[in-house]
Amino acid sequence: MLFISKETQQINDEIRDKELRVISADGEQLGIMSAKEAQKIADDNNLDLVKIAPQAKPPVCKIMDYSKYRYEQAKREKENRKNQKQIETKEIRLSVTIDVGDFNTKVNQAKKFLASGHKLKVSIRLKGRMMAHSDLGVENMKRFAAALEDVNVDKAPKLEGRQILMFLSPKTNK
């Protein structure tokens, strides 16, 4: 497969080298010739002359249908983007004074997020006098992580300003 970067590619009359190694449209080596001769062969076949290896000595050019090549390349890139899996980060907020029922609800919601492959950001906002008892918030975070069985703790609970943050991700079974 050819890889031609957009910044360095030269086509047809942009190629000004004295001699080139030329490859035909079907992949056959035509040998070393001048840029004018190569351009004439490309024009006779109604194709383009594209420089594919400018760093080689002499530079390598291929005779091809450049617009068709760009179309197929764009199609491949679109297909690759479509097949990429986007990982979202979901957030769950707890509090220092969370009760058992609410805690269990948040744990069940977190299990759903993790089961669908999302990363999880768990946060606790500390207000007023809660800052003096940030250790209780850290304990809630550790209890939360323990309630979720198969989970990786990417970032342990840590006080950052007025928030306690922890990042979790689903455990991968390899």
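I shall begin with the basis of the values and then turn to the cores, the rings, the charged pairs and some local features.

This is a predicted model, in which local features need pLDDT of at least 70 and side-chain atom pairs count only at pLDDT 80 or more, while totals for chains, interfaces and linings use all residues. Residues are numbered from 1 along each chain as its sequence is written, and side-chain values use heavy atoms, with hydrogens and water left out.

Let me start with the interior. By a nonpolar core I mean a set of buried Ala, Val, Leu, Ile, Met, Phe, Trp, Tyr and Cys residues joined through side-chain atoms within 4.5 Å. Buried stands for under 20% relative accessible area, exposed for over 50%, and partly exposed for what lies in between, with a 1.4 Å probe and protein chains only. Helices (H or I, at least four residues) and strands (E, at least two) are DSSP runs, numbered from the N terminus.

The largest nonpolar core contains 22 residues. Leu94, Leu120, Val122, Phe144, Leu148 and Leu168 are those with the most contacts inside this core. At least two residues of the core come from each of strand E5 (89-94), helix H3 (100-115), strand E6 (119-125), helix H4 (134-147) and strand E8 (163-170). Helix H3 gives the most, namely five residues.

Val122 shows how these parts meet. With contact taken as heavy atoms within 4.5 Å, and leaving aside neighbours within four places in sequence, Val122 is in contact with Ile92, Leu94, Met141, Phe144, Ile164, Leu165, Met166 and Leu168. There is also a second, separate core of eleven residues, which includes Ile15, Val22, Ala42 and Cys61.

I turn now to the aromatic rings. A pair of aromatic rings is described by the distance of the centres and the angle of the planes. Rings of Phe, Tyr and Trp (its six-membered ring) pair if their centres lie within 6.5 Å; planes under 30 degrees apart are stacked, over 60 edge-to-face, and the rest tilted. The count by this rule is two aromatic pairs. One of them is the edge-to-face pair of Phe103 and Phe144, at 5.9 Å centre to centre and 85 degrees between the planes. Phe103 belongs to helix H3 and Phe144 to helix H4, 41 residues apart, and the pair thus links distant parts of the chain. Both Phe103 and Phe144 are buried.

Which charged side chains pair with each other? A salt bridge is a side-chain nitrogen of Lys or Arg within 4 Å of a carboxyl oxygen of Asp or Glu, and the count comes to six. Among them, Lys51 and Asp17 meet at 2.5 Å, N to O. Lys51 lies in strand E3 (residues 48-53) and Asp17 in the segment before strand E1 (19-23), so this pair ties together parts that are 34 residues apart in sequence. Lys51 is buried, at 7% relative accessible area, whereas Asp17 is partly exposed at 25%.

Asp44 and Lys40 form another salt bridge, at 3.6 Å, N to O. Both lie in helix H1 (residues 35-44), four residues apart, about one turn of the helix. Asp44 is exposed, with a relative accessible area of 53%, and Lys40 is exposed at 53%.

Next, Ser169 in strand E8. Ser169 counts as buried, at 9% relative accessibility. Its side chain makes a polar contact with the side chain of Asp154, at 3.0 Å. Such a contact is a pair of N or O atoms within 3.5 Å; within protein, one must be able to donate a hydrogen and the other to accept it, and residues adjacent in sequence count only if both atoms are side-chain atoms.

I close with the backbone. Where is the cis peptide bond with omega near -15 degrees? This bond runs from Lys57 to Pro58, and Pro58 is placed in the loop between E3 and strand E4 (60-64). Asn46, in the loop between H1 and E3, has phi near 55 degrees, a positive value in a residue other than glycine. Asn46 is exposed, at 72% relative accessibility.
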